[in-house]
Amino acid sequence: MSKIPELMGGRRLEHGMITEGRIRDATSTGYNVETLAVGKTLTTSDAKYQKLDPGGSVRTVVLPAEADSKGLEFYIMNDADGAETITVTNDAAGTIVAIPQNEAALVVCNGTTWIHLGILTIQRS
């Protein structure tokens with residue numbers, strides 16, 4: 001598939017993902033592996049896949065403003081080595097999902113609301 005987005009009925013198709021209103025840049029489709037010392041605020045240009053270790057404490061991950069995030073999605077994995085939770089909130093501090101150790105969540109934005117689509121348990125080998 002071409003890397004150049006094609007206009008399709010008001011929507012853009014890029015890398016097999018339909019977006020409405022914005023095009024993800026090349027860095028936002030990658031991944032980030034990080035141990036957190038404090039909470040984390042995601043931006044619209046952050047990597048889609050976030051593998052986060054809360055670093056020994058409960059942490060909060062704040063999602064970007066909904067008005068700037070239509071069509072944006074994040075897959076956030078809690079890679080803790082203990083019983084530490086990552087709480088994902090919107091930019092108004094409303095909780096979207098709490099992710100326990102060894103689980104991951106998919107969140108998407110429709111331009112007005114962040115939506116939690118599910119929690120996955122991570123099987124470690």
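**Entry 1: ground rules**

I count two strands as paired if DSSP finds at least two bridges between them. Strands (E, at least two residues) and helices (H or I, at least four) are DSSP runs, numbered from the N terminus. The model is predicted: local features need pLDDT of at least 70, side-chain atom pairs count only at pLDDT 80 or more, and totals for chains, interfaces and linings use all residues. Residues are numbered from 1 along each chain as its sequence is written, and side-chain values use heavy atoms, with hydrogens and water left out.

**Entry 2: the whole chain**

I looked up the elements first. The protein chain has 0 helices and 12 strands. From the N terminus on, I therefore read β-β-β-β-β-β-β-β-β-β-β-β.

Next I looked up burial. Buried residues (under 20% relative accessible area, with exposed over 50%, partly exposed in between, 1.4 Å probe, protein chains only) make up 40% of the 125 residues in the protein chain. I noted an accessible surface of about 6800 Å² for the protein chain (Shrake-Rupley, 1.4 Å probe; for residues, only the protein chains shown count as cover). Carbon and sulfur atoms hold 52% of that surface.

Then I checked contacts, meaning heavy atoms within 4.5 Å. Among those in the protein chain between residues at least 6 apart in sequence, 43% join residues at least 24 apart.

I followed the pairing from strand 4 (residues 31–35). Strand 4 runs parallel to strand 6 (residues 49–53), and 5 bridges join the two. Which residue in strand 6 stands opposite Val33? I found Lys51 there. Lys51 also has a bridge partner in strand 8, namely Met77. Strand 6 and strand 8 run parallel too, joined by 4 bridges.

I also looked at the outside. Tyr31 sits in strand 4 and is exposed, with a relative accessible area of 67%. Tyr31, Val33 and Tyr49 form a nonpolar surface patch with about 370 Å² of accessible area together. The patch rule takes residues with over 30% relative accessible area and no salt bridge; nonpolar side chains (Val, Leu, Ile, Met, Phe, Trp, Tyr) are joined within 5 Å, like charges within 9 Å.

I found 4 strands in an open sheet, in the order 5-7-9-10, with mixed pairing. Strand 5 (40–41) and strand 10 (95–99) stand at the edges with a single partner strand each, so one side of each has no neighbour in the sheet. Strand 9 (residues 86–89) pairs with strand 10 in the antiparallel sense over 4 bridges. Across that pairing, Thr87 stands opposite Ala98.

**Entry 3: the core**

I looked up the nonpolar core: buried Ala, Val, Leu, Ile, Met, Phe, Trp, Tyr and Cys residues joined through side-chain atoms within 4.5 Å. The largest one has 17 residues. Among those with the most contacts inside it are Leu63, Val88 and Trp114. Strand 8 (73–78), strand 9, strand 10 and strand 11 (103–109) each supply at least two residues of this core.

I then listed the contacts of Val88, leaving aside neighbours within four places in sequence. They are Val61, Leu63, Ile76, Gly94, Thr95, Ile96, Val97 and Ile99.

**Entry 4: salt bridges**

How many salt bridges does a search of the whole structure find? I noted 2. The test is a side-chain nitrogen of Lys or Arg within 4 Å of a carboxyl oxygen of Asp or Glu.

One joins Lys40 and Glu34 (2.9 Å, N to O). Lys40 counts as buried at 14% relative accessibility. Glu34 counts as partly exposed at 26%.

The side chains of Glu73 and Lys48 also meet (2.5 Å, N to O). Glu73 lies in strand 8 and Lys48 in the loop between strand 5 and strand 6, so the pair ties together parts 25 residues apart in sequence. Both Glu73 and Lys48 are buried.

**Entry 5: loops**

I checked backbone angles last. Most residues other than glycine have a negative phi. Ala93 has a positive phi, near 70°. Ala93 lies in the loop between strand 9 and strand 10 and is exposed, at 59% relative accessible area. Asn102 also has a positive phi, about 60°. Asn102 is in the loop between strand 10 and strand 11.

Asp91 lies in the loop between strand 9 and strand 10. I noted Asp91 as partly exposed, at 44% relative accessible area. Leaving aside neighbours within four places in sequence, Asp91 is in contact with Val62, Leu63, Ala65 and Glu66. Asp91 and Val61 are 30 residues apart in sequence and 9.7 Å apart in space, C-alpha to C-alpha.
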